[in-house]
Each structure stands twice: as C-alpha cells, then as structure tokens.
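Subject: Handover of a structure and notes on it

Dear colleague,

Please find below the sequence and the structure that I am handing over to you. My notes come after it.

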Amino acid sequence: MKQALLIVTLGVAVAGMVYLVSISGNVLHDLRPISELGQLTETALGEQVQPTGKVVEYEIVAKPGVASLVDGRQTRVWSYNNAVPGPEIRIAHGDTLRVVLRNELPVDTTIHFHGIRLPNHMDGVPGATQKPVRPGESFVYEFTPPDAGTYWFHPHVRSSEEVERGLYGTLVVEDAVSEEYSHDVVWVVDDWRLDADAQVAEPMDHPHDVVHAGRWGNVITVNGSTRETLQARPGERIRVRLVNTSNARIYRLNFGDLPARAIAVDGLYVRELFNPNGFEFAPGNRLDVDVTLAQDAGGQTFTVSDDFTGTRTVLATIAVTGSIAETPEFPLPHNAAVPSFAAPGRKPAVEFVFDGGMGSMMGRGMMSGAEVGVWRINGKSSPAHDAVSLPAGSVVHARMKNLSPFDHPMHLHGHFMKVIARNGAVQETGYFQDTIVVHANEVVDVALVVPEVGSWAFHCHVLEHAEAGMMTFIEAQ
Ligand code: C2O
Ligand code: CU
C-alpha cells in the first residue's frame, strides 16, 4: 500500500518535472498540457465570423489556354478563366461564397479551397467528399469562410499535373484592417519547369522527381510574371499576401532592406509579429507581411528574393516613386489569443510515419513512381490507407515521423495545426499552420485541431509525393 502510494507520488512528481522542463527557458503564456485543452475557443483562431447574409457568386471555367510567362512567349496552360494565376476572389468576412465550376478541360477535376474550414462535402476531394467533375460537367461550391485571411484554391484530381499546368486562384477573406492599407496585394509564387520552347516540360510525375523532392522547375513567376513590380509612394503602408502554389519548391524568403513584418501565416494572424527574413515558405503556405515605407524612401527599389538553394533569385520588386503619402496609422494586426501548448511527455494520441522514395523503387524498373505508389504513411500508399478516427473539434497531440531523406510539407484539410516540438525540443511558433514541413529524418510534434465531422485528407503538399501515395484521411466523428 505504502509502496503503491510512493509510486503514485513519484509519478506525479516526474510528470510535473517533465512539464516544468518542457517550459523552462521559454517565455510562454497560456501554457497548458495539450491533454487538458480538449477543445479550442473560437478566438484562438481569430475574430469570430458574423454572417452578413450576402452571397458572392463567381463562375470559374477550367480550360486549356495560353499564358505569357517568360519574355512575351506563349506557354500552353490549363487555367481558370483564361488567366494564370486564376481569379483573385475577394469577399468580406461573413460573406457566403458561391463558386460555379465549369469543367472544359479534357480531364476530370474538382476545386479544393486550401486552408478554409468548411463543410466536408465542399472540400473538393474526389472519392472522399464528392465525385470528380467530368469534362463538360459543373459543380457548385458554397460556404461561409469562418476565418478572415489569405487562402487559395486548386484541383484535387491529379494535382501534380493540374496545378503544374496553371490551375490555381486565390481567395482573400477581408476584415476591417484590410481596408486601412494603402495597398493590399497578393503575390502568387509558382515554380515552372519549362522546356526550350517555353512549354510545360513533359513528362508529368517524372520517376526521378517522384522518388526525390518532387518537380522543381527552372522558372519562378510571381503573379504569372518573372518581373512582378509593385509601384508605391514613400510613406505608404502595404499588405503583401504571399501564396506558394509551387508543386514542390520550398523558398527561404529574403526581404532585404524592406521593413517587413509577418502578421499572418496560412491565413490566420500570428500572436507576436516576427521578422519574416529566412521564413521557410513551403508549397501550400501563405505569409502576410506588413510593409511601412519610410517617408524618405522615394527613389528606392526593394527586392524580395529566395535564398533556399544558396543562389539568390529575385521574386518581386517594390519600386518607390512619387510624392510622399500620409502613412495610415493603425496597430499591427495580430491575435493575442493564439494558445501555446506544452509538449506532453507521454505518447501522442496519433502518430504518422512517413517512408518510401528511392528504396521503394528497387526492382521496379522504370515504372513511374506515381503508378507503383512509392510513398507511404503508416506503411500504406494511397489510395490504400488506414484512416485515423478522432473526435471532431478536439485538439490532439499528433506526431509526424519522417524516415526519409526528403522534406515533406504536410497539409491538413479543414483545420489547423500548431508545432509544439521538433526532434523533441520544444518549439513555440506563435501561430497556426495548415501546412507544416517535416524535414528529412525529422520528428515533429503538433497540436492538431480535428476538423468538423467528415473525412479529411491529410497529405504531403509536394504534389508528386501525394500522387505517389502520400495521402491519408482523418475521420472526424
Ligand atoms: Cu492544397 Cu489537399 O491540398
Ligand atoms: Cu512529401
């Protein structure tokens, strides 16, 4: 009896120590073990939606066309409404969006609204939430986004090909702050592999790409151009919403001398503003920055570039000219209610193990990796998968274990996750994400907010990896 008591007391003490150890050296507030969290308050994500009753309708036609991406040359693409990027949809927080998709492509398609919390049957995943939309058919998507912010949309049928050919658009859910800026712009960053004739290089799902880091290209465009430039006046305040629609390329953003501050990641406001230099910007991610140009910045040209591979590539430019503007004064938007979760010492509620790649190709000759399914989550290559059942709306501790030498930006449909530890070391990011990079051979612990009832895809956003099996489902019940 005494012994049992002692063990219990010891256990509590040890548990307490683990908890203390995990927070020492970190200035965290609202730090609670994740097991106690259970649910998430709405304010943890941002301002709660007040429906306006207004329905904003867009027609989106997916069809083949041409785009002028490099040096005025014509590239054959697939696009939404004849443009690459497709439409920049803007609605007010509280509005209902209705999108009528018409498929004039030679192949099946759907639209997935990336990062939006929406009813499961509007999620655009063929075979799970809807039937594929066949050539000549239409489908109507309708939902009221609960969170203001920067989102995007793209097909979920053979995305590695459909997104690479140019099918994507952006969705900005504006709040009151959006209007205060002198400029509120979207920069869609895409990476293309073009051949010598400036055409999208064949083949798609190249076996080499599939077993390595996916399809990395040779031309990077911002808003469909290799020379995107924003003209601004000294003193102006700009909100730049960056969206990474690349199949596989990760960028390390470098804002140079630009006074940029990160205010939102993957749509939602951050708790503490941070310097976005060095931000790892993976496929699927969004980053919103606030830029306040100095009154004496006239005549200056600022560049935003990528440093990921070691060679600097300019992505876009801000050229400051003209008369001095009055700087709009308002507090930097952020969300003080973003919670911190302590990394619990005990076993996670759910574990996702990633493996595959090169090793899986042995003895399979030159078949495309996409055909044989070379990437696995928990030992299964999609469409085979073991769905994970979790209580809808709860917060669970999930662990992602990458047993491969490649990075995997993992995307959860319908809700958000927050990093709590990397390789066992507590990490306090101060923001939620819908896409989190699990680096080569890394273990990442996250607080995963289970979406509303339904079947939710959870997959790698390196689209060649997803196509080659790296997708599973969370059944929220
Ligand atoms: Cu942006 Cu399931 O994807
Ligand atoms: Cu991957």
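The notes below go from the chain as a whole to its metal site, its strands and a few single residues.

Please bear in mind that this is a predicted model.

The chain as a whole

The chain has 477 residues, and 58% of them count as buried. Its secondary structure consists of six helices and 32 strands. Among the contacts in the chain with a separation of 6 or more, 77% are between residues 24 or more positions apart. The accessible surface of the chain is about 18700 Å², and carbon and sulfur atoms provide 54% of that surface.

The copper ion

Which residues coordinate the copper ion (ligand 2)? The donors are the ND1 atom of His408, the SG atom of Cys460 and the ND1 atom of His465, at 2.0 to 2.1 Å. Along the sequence, the spacing of these donor residues is H-x51-C-x4-H. Cysteine 460 and histidine 465 are both buried.

Two open sheets

One open sheet consists of four strands in the order β4-β9-β8-β6, and its pairing is mixed. At its edges are β4 (88–92) and β6 (112–114), each of which pairs on one side only. On average, neighbouring strands of this sheet are turned by 25 degrees against each other, direction ignored. Within the sheet, β4 and β9 run parallel and are joined by five bridges. Isoleucine 91 stands opposite valine 173, a residue of β9.

Another open sheet of four strands, again with mixed pairing, has the order β3-β2-β5-β7. Its edges are formed by β3 (74–80) and β7; each has a single partner strand, so one side of each has no neighbour in the sheet. From one strand to the next, the twist averages 25 degrees. Strand β2 (residues 55–68) and β3 run antiparallel, with seven bridges between them. Proline 64 has tryptophan 78, in β3, as its bridge partner.

Strand β10

How many of the residues of β10 are buried? The count is ten of ten, and the strand is mostly covered. Both of its faces are covered: His183, Val185, Trp187, Val189 and Asp191 are buried on one side, while Asp184, Val186, Val188, Asp190 and Trp192 are buried on the other.

β10 pairs with strand β13 (residues 237–244) in the parallel sense, over seven bridges. In this pairing, valine 188 has valine 243 of β13 as its bridge partner. β10 also pairs with strand β11 (residues 219–222), here in the antiparallel sense and over four bridges. The bridge partner of aspartate 191 in β11 is isoleucine 220.

Serine 178 lies in the loop between β9 (169–174) and β10 (183–192). Is serine 178 buried or exposed? Its relative accessible area is 5%, and since buried means under 20%, serine 178 is buried. The side chain of serine 178 forms a polar contact of 3.0 Å with the side chain of aspartate 175. Not counting residues up to four places away in sequence, serine 178 touches Asp184, Arg239 and Arg241. Of these residues, Asp184 is also one of the buried residues of β10.

Aspartate 290 is located in strand β18 (residues 286–292). With a relative accessibility of 1%, aspartate 290 counts as buried. Its side chain makes a polar contact of 3.0 Å with the side chain of arginine 237, and a polar contact of 3.2 Å with the side chain of threonine 292. Leaving aside neighbours within four places in sequence, the contacts of aspartate 290 include Tyr181, Arg237, Pro259, Arg261 and Leu332.

Arginine 134 is placed in the loop between β6 and β7 (138–143). Its relative accessibility is 43%, so arginine 134 counts as partly exposed, a class that lies between under 20% and over 50%. Apart from neighbours within four places in sequence, arginine 134 is in contact with Asn103 and Asp108. Arginine 134 and glutamate 104 are 30 residues apart along the chain, and their C-alpha atoms are separated by 8.8 Å.

Yours sincerely,
A colleague

Note on methods. Residues numbered from 1 in each chain as written. Chains lettered and ligands numbered in written order. Predicted model: local features only at pLDDT ≥ 70, side-chain atom pairs only at ≥ 80, totals over all residues. Heavy atoms only, no water. Donors = N, O, S within 2.8 Å, 3.2 Å for Na, K, Ca; no water. Buried < 20%, exposed > 50% of the residue type's maximum accessible area, 1.4 Å probe, protein only. Polar contact = N/O pair within 3.5 Å; in protein donor to acceptor, adjacent residues only side chain to side chain. Contact = heavy atoms within 4.5 Å. Areas by Shrake-Rupley, 256 points an atom, 1.4 Å probe, with all protein chains shown as cover. Pairing = 2+ DSSP bridges. Axes fitted to C-alpha atoms, helices over the stretch in contact; angles between N-to-C directions.
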